[in-house]
Amino acid sequence: MGRLKELRKYVDGKLNEMPDADKRNSAIAHLYGVSLAATMIAKKRGLDPEIASMAAMLHDLYAYESGSYDDHAHKGADLARDVLQELGLTTDEETDIICSAIYHHDDKLAVDSAMDECLKDADVIHHCMNDLSKEVKDKEKARFENLCKEFGMD
Ligand SMILES: [Fe+2]
Ligand SMILES: [Fe+2]
């Protein structure tokens, strides 16, 4: 089994423990949606698409497990490190890259490392394109406009 598939199996197991069906379905749609967007953005920017996709699969897991978005990016980075160490799928360097991306993913107005930016942008793509009838949040507007330009969608 490839390591992305193995990580997804782990995440699927955790998501399947969510008791509320609507929240569970949204969580699955979001993590897989961001994972696909992260793969596309990483390929376009010459980053490792597998690492981008793995970061995306874990990025909001803390919020889904705890039921709270309070400081979920920072706490989620710690959770991701525990999960990755337990699964043993990544090198220490890859684990650091994934955890950094998760740590920074809620700082949408700041610019961080290339992989951090890939995850933020993938998150924004899913927030903004999952339902085009929904209004884009103020803090995501500039980022979404830049993504539309980058991908020739303006
Ligand atoms: Fe998040
Ligand atoms: Fe997210």
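Of the 154 residues in this predicted model, 44% count as buried, where buried means under 20% relative accessible area, exposed means over 50%, and partly exposed covers whatever lies in between (1.4 Å probe, protein chains only). The radius of gyration comes out at 15 Å, which agrees with the value near 15 Å for a compact globule of 154 residues; the figure is taken over C-alpha atoms, and the globule rule is 2.2 Å times the number of residues to the power 0.38. The C-alpha trace spans about 40 × 35 × 30 Å along its principal axes. As for the fold, there are 8 helices and 0 strands, so the elements read α-α-α-α-α-α-α-α from the N terminus on. Here helices (H or I, at least four residues) and strands (E, at least two) are DSSP runs, numbered from the N terminus.

A few ground rules apply. Residues are numbered from 1 along each chain as its sequence is written, while chains are lettered from A and ligands numbered from 1 in the order in which they are written. Because the model is predicted, local features need pLDDT of at least 70 and side-chain atom pairs count only at pLDDT 80 or more, whereas totals for chains, interfaces and linings use all residues, and side-chain values use heavy atoms, with hydrogens and water left out.

Now for the metals. Donors are N, O and S atoms within 2.8 Å of the metal (3.2 Å for Na, K and Ca), and since water is not among the atoms, sites may look incomplete. Asp60 sits in the loop between helix H3 (49-58) and helix H4 (61-66), and His105 in the loop between helix H6 (92-104) and H7, so the pair ties together parts that are 45 residues apart in sequence. Asp60 counts as buried at 3% relative accessibility, and His105 counts as buried at 1%.

The iron ion (ligand 2) has His30 (NE2), His59 (NE2), Asp60 (OD) and Asp123 (OD) as protein donors, lying 2.1 to 2.3 Å away. What spacing do these donors follow along the chain? It is H-x28-H-D-x62-D for the iron ion (ligand 2). The 4 donor atoms subtend angles of 84 to 176°, which makes the arrangement irregular. For reference, four donors count as tetrahedral if all angles lie between 85 and 135 degrees; four count as square planar and six as octahedral if opposite donors are over 155 degrees apart and all others between 65 and 115; anything else is irregular. The iron ion (ligand 2) and the iron ion (ligand 1) are 3.6 Å apart, with Asp60 coordinating both. Asp60, in the loop between H3 and H4, and Asp123, in helix H7, form a pair that links parts of the chain 63 residues apart. Asp123 is buried too, with a relative accessible area of 2%.

On to charge pairing. The whole structure holds 13 salt bridges, each a side-chain nitrogen of Lys or Arg within 4 Å of a carboxyl oxygen of Asp or Glu. One of them joins Glu94 to Arg3 at 2.9 Å, N to O.

Lys108 is buried, as is Asp123.

Lys120 and Asp112 meet in a salt bridge as well (2.6 Å, N to O). Lys120 is buried, with a relative accessible area of 0%, whereas Asp112 is partly exposed at 28%. Salt bridges that share partners join Lys44, Arg45, Asp112, Glu117, Lys120, Asp121, Arg143 and Glu150 into one network.

Finally, the surface. Met129, Leu132 and Met153 make a nonpolar surface patch of about 290 Å². Patches consist of residues with over 30% relative accessible area and no salt bridge, with like charges joined within 9 Å and nonpolar side chains (Val, Leu, Ile, Met, Phe, Trp, Tyr) within 5 Å; accessible areas come from the Shrake-Rupley method with a 1.4 Å probe, and for residues only the protein chains shown count as cover. Met129 belongs to helix H7 (residues 114-129) and counts as partly exposed at 35% relative accessibility.
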